[in-house]
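Hi everyone, thanks for coming.

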Amino acid sequence: MESPAAPPVHPERLDRMAGPWASLFGEHARNAIAGWSNAAFDQWHTRRRLAGLVVHIPRHPDAVQRVLLDNAANYAKPRIVRKLIAPLVGRGLLSAEGELWRTQRKIVAPSFAPGAVAALTGTMAQAARAAMTDWPDSGTIDIARTATDTTMRIIAEALFSGDPRLVTPQATKHIAAALEAAGSVRLTAILGLPTLRLNHVARAGARGQRYLRETLTAIVRERGPEGGEDFLGGMIRDLHQRYPGGEAVALAIDNAATFYLAGHETTANALCWASYLMAGAPGVQERAREEARAALTGDAATLPERLPYLRQILDEALRLYPPAPRFDREALGDDVLAGETVRAGEIVSIWPWLIHRHRRLWENADAFNPERFAPGSEKTRHRFQFLPFGAGPRICVGARFATVEALVILAHWLSERRFALVPGEVPDPVGQVTLRPRGGLRLQLSTVD
Ligand code: HEM
């Protein structure tokens, strides 16, 4: 069997799953993708009881389809998770339910339609090129950091007209801290335990949350009810047409935070893991580079369409390292999921991390093989065994934006630079809210002639 330290790396698998209380302390508490048993990647369903709370983890694609699509009305975002993320994203699109969710989704959907996203490829390309100007000709870079800086610049430019307050190093630091704290308090909050703000992570997280909310509040208030000519402006105007003034402003701030956060951290992780996988597979990288160099000579708006092999690599990276490794629902009524009974009030956790590496769904599941996503391969897969962006009515509204963005950036980077692994360095994937490399991920760079 492959060593977990060989690329693509993953946390060690245990003979037995870590006990429920391990979720509260030690590595498993800090890292959601650690502490899983081999059996977790072989069995279809896990039911865990933790301090009176029942959590189901279905892996069978039929069960996942029932939760996210066929019986989606029975599965809401858990109240406890909504409470946990409320200080950051309030009642914005990510956490809203019912009519409030439907109205907000309708307001933002046109901004993520194919034509609207295609119009942004120039902004994305510019940010990709700008990132490279800071790179040395040869030597190492932290690809996690450069990916985050690049996607942050793009989201700020594309949705908020490049407001300088959203791209400072201070903003990066505060966001990382806020996400880390949200990840680490998640379980204690799910159990209803007090979330102590005593340790360093929680204190930095609270500061990060405050900074982000205050900055976005200032930006929204300065815009006034007319909003301005960008995504934020359009949203502000639309909200004012549908809600009273105070409510419209509150929802605009909540959604500004939602889109700013959800819109760059995840894509940055996808870029980072795709670059790492290509660094460990020089033949794959060379083929992608040839494709990218040829594709870059054509019309910029249709660039992603000329990158089918890079798209296969991206999908394989999203399979092996899903940037959202889990997301949760709460059952509103009783249900049966592929033979397993779920009761009202119980939590159902969907784990792309487990489903994407499940041995009964994928051959040689832990190996990097972009050929899995070769044209026509979708016919051999269940739609619900590959869900980096979720599925059903709550599918990621930014999925197209993220895919186009990742392809445009990678094509530019590959066309000018070659990535290699740094000898002796092994990344440490850690699942907090997103799946990122702990402490960054260094890659060796060289120029391409
Ligand atoms: C590779 C990048 C991304 C990944 C892997 C990702 C993943 C996800 C997933 C799994 C969900 C569904 C969560 C659930 O059902 O509970 C989601 C929802 C969402 N995502 Fe993304 N996302 C990415 C990029 C983006 C971008 C670029 C944006 C915005 C610019 C965005 C905005 C949102 C929003 C607002 C929702 C909530 C949608 C709703 O509930 O209607 N995401 N994302």
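**Two helices at an angle**

Let's begin with a pair: helix 7 and helix 16 are oblique to each other. The angle behind that word is about 125 degrees, and the two axes lie 12 Å apart. Angles over 145 degrees would count as roughly antiparallel, and 65 to 115 as roughly perpendicular, so this pair belongs with the rest, the oblique ones. Before we go on, please keep in mind that this is a predicted model.

If you look at how helix 7 passes helix 16, the crossing is right-handed. Which residues make the contact? On the helix 7 side, they are Ile143, Thr146, Ala147, Thr150, Thr151, Ile154, Ile155 and Ala158, and helix 16 brings Phe401, Glu405, Ile409 and Trp413. Sorted by class, this contact has eight nonpolar residues, three polar ones and one charged one.

Helix 7 covers residues 143–160, and helix 6 is another of its partners. The axes of helix 6 and helix 7 come within 9 Å and cross at roughly 145 degrees. Here, too, the crossing is right-handed. From helix 6, Thr123, Met124, Ala127, Ala128, Ala130 and Ala131 meet Thr146, Thr150, Arg153, Ile154 and Glu157 of helix 7. How does this contact of helix 6 with helix 7 divide by class? There are six nonpolar, three polar and two charged residues. If you compare the two lists, you will find Thr146, Thr150 and Ile154 of helix 7 in both.

Which protein residue is a donor to the iron atom of the ligand? That is Cys396, through its SG atom at 2.3 Å, and it is the only protein donor. Try to find Cys396 in the loop between helix 15, residues 352–355, and helix 16, residues 399–416.

That loop between helix 15 and helix 16 also holds Asn364. Asn364 has a positive phi of about 50 degrees, although it is not a glycine. Is Asn364 buried or exposed? Its relative accessibility is 56%, so Asn364 counts as exposed.

Ala338 also has a positive phi without being a glycine, with a value near 45 degrees. You can find Ala338 in the loop between strand 6, residues 335–337, and strand 7, residues 340–342. Because its relative accessibility is 54%, Ala338 counts as exposed.

Ala119 sits in the loop between helix 5, residues 114–118, and helix 6, residues 121–133. With 63% relative accessibility, Ala119 counts as exposed. Where the chain is concerned, Ala119 and Ala300 are 181 residues apart, and their C-alpha atoms are separated by 9.3 Å.

What about Ala181, buried or exposed? Ala181 has a relative accessible area of 8%, so it is buried. Ala181 belongs to helix 8, residues 169–190. Beyond its neighbours within four places in sequence, Ala181 is in contact with Val201, Ala202 and Gly205. Val9 is 172 residues from Ala181 in sequence, and the C-alpha atoms of the two are 25 Å apart in space.

That's my tour; over to you for questions.

Technical notes
Residues numbered from 1 in each chain as written. Predicted model: local features only at pLDDT ≥ 70, side-chain atom pairs only at ≥ 80, totals over all residues. Heavy atoms only, no water. Donors = N, O, S within 2.8 Å, 3.2 Å for Na, K, Ca; no water. Helix = DSSP H or I, 4+ residues; strand = E, 2+ residues; numbered from the N terminus. Axes fitted to C-alpha atoms, helices over the stretch in contact; angles between N-to-C directions. Parallel < 35°, antiparallel > 145°, perpendicular 65-115°, else oblique. Left-handed = near helix turned anticlockwise from the far one by under 90°. Contact = heavy atoms within 4.5 Å. Nonpolar A, V, L, I, M, F, W, Y, C, P; charged D, E, K, R; others polar. Buried < 20%, exposed > 50% of the residue type's maximum accessible area, 1.4 Å probe, protein only.
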